Amino acid sequence: MAKPNRLGKIANLVLVSSTYLFLYLPIVVLLVFSFNSEGFPSPWKEFTWKWYIELFQSEPLWDSFYNSLIVATCSTLLSLTMGVFLIFYAAQGGRIGSFLNLFYGNIIVPETVLAVSLLAFFGLVAIPLGLTTLILAHTVLGLGLVIPICYARFLELDHRMTEASLVLGATPIQTFFKVTLPNLRPALIAGGLLIFIVSFDDFILSYFCAGSASQTLSLYILSMLRSGISPIVNALSAVLLVLSCLFVLILFSLKSRARIF
Amino acid sequence: MKFSLSSRSPTSQLPFTFGAPALIWQVLFFYLPLVLIAISGFVKVTETGDILGMTFDHFLFFLRPLYLKVIFSSFLLAFSNTLLCLAIAYPLAYFLAFTGKRYSNLFLFLLIVPFWTNFLLHVYAWFFVLDKDGFLNLLLQNLGLVQNPTSMLNTPFAILIMMVYYYLPYMVLPLYSSLEKMDVRLIEASFDLGATWLQTFRRIMLPLTKRGLKAGFFLVFIPSFGEFAIPELMGGDKQMFVGTVVSDYILGEETGALGAAFTVLALIFMLITAGILYWVIERLIPGKTHG
């Protein structure tokens with residue numbers, strides 16, 4: 001900064017470090033106690049792996065984990081595919097500017113409202129609640145994420161490249177696959193990661209639209225929360241934190257960081 | 001962007017079929033359910049399911065102090081959450097964009113990792129901290145500040161903490177991306193020309209981050225107005241908010257139409273307040289919207 005305003009700088013540092021303390025204190029406490037041999041109210045006793053072992057042997061956990069994995073994968077693929085097709089349409093000269101606004105509706109309507117509306121809707125058209133309804137619902141979330149992200153990137157593309165490709169005799173379809181799509185790749189990967197995580201971690205839509213038969217990971221954690229504090233959940237948190245670290249690392253390793261923030 | 005491809009590329013017959021799936025999906029599974037639920041709030045149905053006609057009864061049912069208070073407390077929660085997030089996020093975004101620019105990747109990483117982890121685990125983590133035998137009470141006791149530990153769960157305080165914890169990144173990231181694009185020299189020039197810190201903030205930084213501010217405002221205010229999970233989990237059943245009332249009525253037996261009406265009512269109220277607040281931001285901060 002121009003003026004070495006020492007006081008301001010120190011104040012800023014203090015604020016930032018207390019923010020990170022606020023963010024990480026609960027997580028660190030949680031992680032430390034996942035290795036405690038005694039259950040929650042008791043203080044630290046001794047180091048143990050037993051909660052992790054119990055965690056990996058828990059069958060309902062794995063069932064719900066696979067359910068979440070299926071739902072997240074399907075809704076990511078569905079919304080990415082449909083998103084790419086829409087961009088393809090735009091690349092062909094289709095005017096989607098006004099249609100695009102439809103996808104910003106997801107920002108204005110709280111997820112709870114969407115969830116209860118979908119619940120009523122599924123009841124009306126008699127689609128039984130389960131993984132299918134979850135995939136349908138999460139794909140809506142995914143579209144609201146991927147289309148604005150990809151379209152923003154699409155508008156930033158140098159249109160002279162596409163024009164050059166067309167002038168040099170490539171068909172529009174060739175142009176799309178050889179010029180437009182490769183340029184959209186970072187946006188697509190970032191968008192895909194985001195949808196996957198949002199779907200995988202989603203609670204509200206799952207709570208309303210999953211039905212009683214199919215449990216997702218969030219619902220499983222909820223049932224564990226309701227039955228009281230158990231160190232197994234601590235162990236689960238540690239595992240999921242490692243997973244999300246991996247995801248964020250992939251996101252950060254993308255060469256041109258797509259504008260998801 | 002007007003001169004993009006539209007004039008040049010031959011529009012074949014193919015395209016619209018390609019654009020259609022996403023649009024159809026969006027209309028079918030987003031707009032249609034919303035419209036249907038709005039309509040069902042107005043429809044009078046007999047016990048056997050026959051439609052009798054239109055009615056405003058369901059709406060009139062909610063026009064009493066109890067439910068108006070619910071809507072108001074949701075507004076208050078969303079508003080205070082937004083303000084707190086803003087107050088915490090701005091210094092952080094400033095740090096990420098300028099002071100700590102060299103390490104911004106590391107700090108962004110640390111910000112996004114919790115954000116991308118299942119939110120119920122954070123709720124659980126805060127149970128751990130705020131419980132009667134939890135970490136915070138333990139700490140306060142050891143410091144001699146508290147003699148009799150009390151559970152801090154199921155209080156408005158717990159709800160607000162969890163809200164800020166969860167929604168903070170939604171505010172930081174848009175602000176950061178606005179600040180990052182800002183020319184540092186503008187701030188330097190302002191200081192060199194004798195402006196105080198506050199003046200620089202008000203006249204230079206705020207106008208130039210207006211867009212990020214507005215994005216952050218929407219991303220935090222709107223979902224937290226309808227928030228259902230956090231009050232439910234952190235607040236016990238003592239506090240009633242819009243999200244909890246909606247879910248109770250919709251999931252309840254034969255109260256679906258009431259729930260629908262309340263959803264519409266709350267949504268209208270939310271859009272009006274969001275619009276007013278948006279207008280206030282627009283008026284308070286000088287200058288046009290920049291990157």
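**A two-chain predicted model**

Apart from its neighbours within four places in sequence, Val172(B) is in contact with Ala89(B), Leu92(B), Ala93(B) and Leu111(B); two residues are in contact if their C-beta atoms, placed from the backbone, lie within 7 Å. This is a predicted model, in which local features need pLDDT of at least 70, side-chain atom pairs count only at pLDDT 80 or more, and totals for chains, interfaces and linings use all residues. Residues are numbered from 1 along each chain as its sequence is written, while chains are lettered from A and ligands numbered from 1 in the order in which they are written.

In the largest nonpolar core, which has 151 residues, Ile87(A), Cys209(A), Ala89(B), Ala93(B), Met162(B) and Val172(B) touch the most other members. A nonpolar core is a set of buried Ala, Val, Leu, Ile, Met, Phe, Trp, Tyr and Cys residues joined through C-beta atoms within 7 Å. A residue is buried if 20 or more other C-beta atoms lie within 10 Å of its own, exposed if 12 or fewer, and partly exposed in between, with C-beta atoms placed from the backbone. Helix 7 (residues 156-180) of chain B supplies the largest share of this core, 17 residues. Domain 1 (13-55) and domain 2 (64-284) of chain B each contribute at least three residues to this core.

Chain A contains 12 helices and 0 strands; helices (H or I, at least four residues) and strands (E, at least two) are DSSP runs, numbered from the N terminus. Its radius of gyration is 23 Å, well over the 18 Å that the globule rule gives for 261 residues, so chain A is more spread out than a compact globule. The radius of gyration is taken over C-alpha atoms, and the globule rule is 2.2 Å times the number of residues to the power 0.38. Buried residues account for 42% of the 261 residues of chain A. Among contacts in chain A with a separation of 6 or more, 81% are between residues 24 or more positions apart.

Chain B has 13 helices and 2 strands. Its radius of gyration is 24 Å, whereas a compact globule of 291 residues would have one near 19 Å. Of the 291 residues in chain B, 43% are buried.

The domain assignment divides chain B into domain 1 (13-55) and domain 2 (64-284); such bounds come from an automatic or database domain assignment. The C-alpha centres of the two domains lie 32 Å apart. Across the boundary, 6 residues of domain 1 of chain B are in contact with 5 residues of domain 2 of chain B. Helix 1 of chain B gives the most to the domain 1 side, with 3 residues.

The two chains also meet each other: the contact takes 79 residues from chain B and 80 residues from chain A. On the chain B side, helix 1 (residues 15-40) gives the most, with 17 residues. By class, this side has 55 nonpolar, 20 polar and 4 charged residues. Here Ala, Val, Leu, Ile, Met, Phe, Trp, Tyr, Cys and Pro count as nonpolar, Asp, Glu, Lys and Arg as charged, and the others, Gly among them, as polar.

Confidence remains to be considered. The predictor gives the complex an ipTM of 0.86 and a pTM of 0.87. Chain B averages a pLDDT of 84, and 91% of its residues score at least 70; pLDDT is the predictor's confidence in each residue, from 0 to 100. Over residues 1-12 of chain B, pLDDT stays under 50. Where pLDDT is low, the predicted coordinates should not be read in detail.
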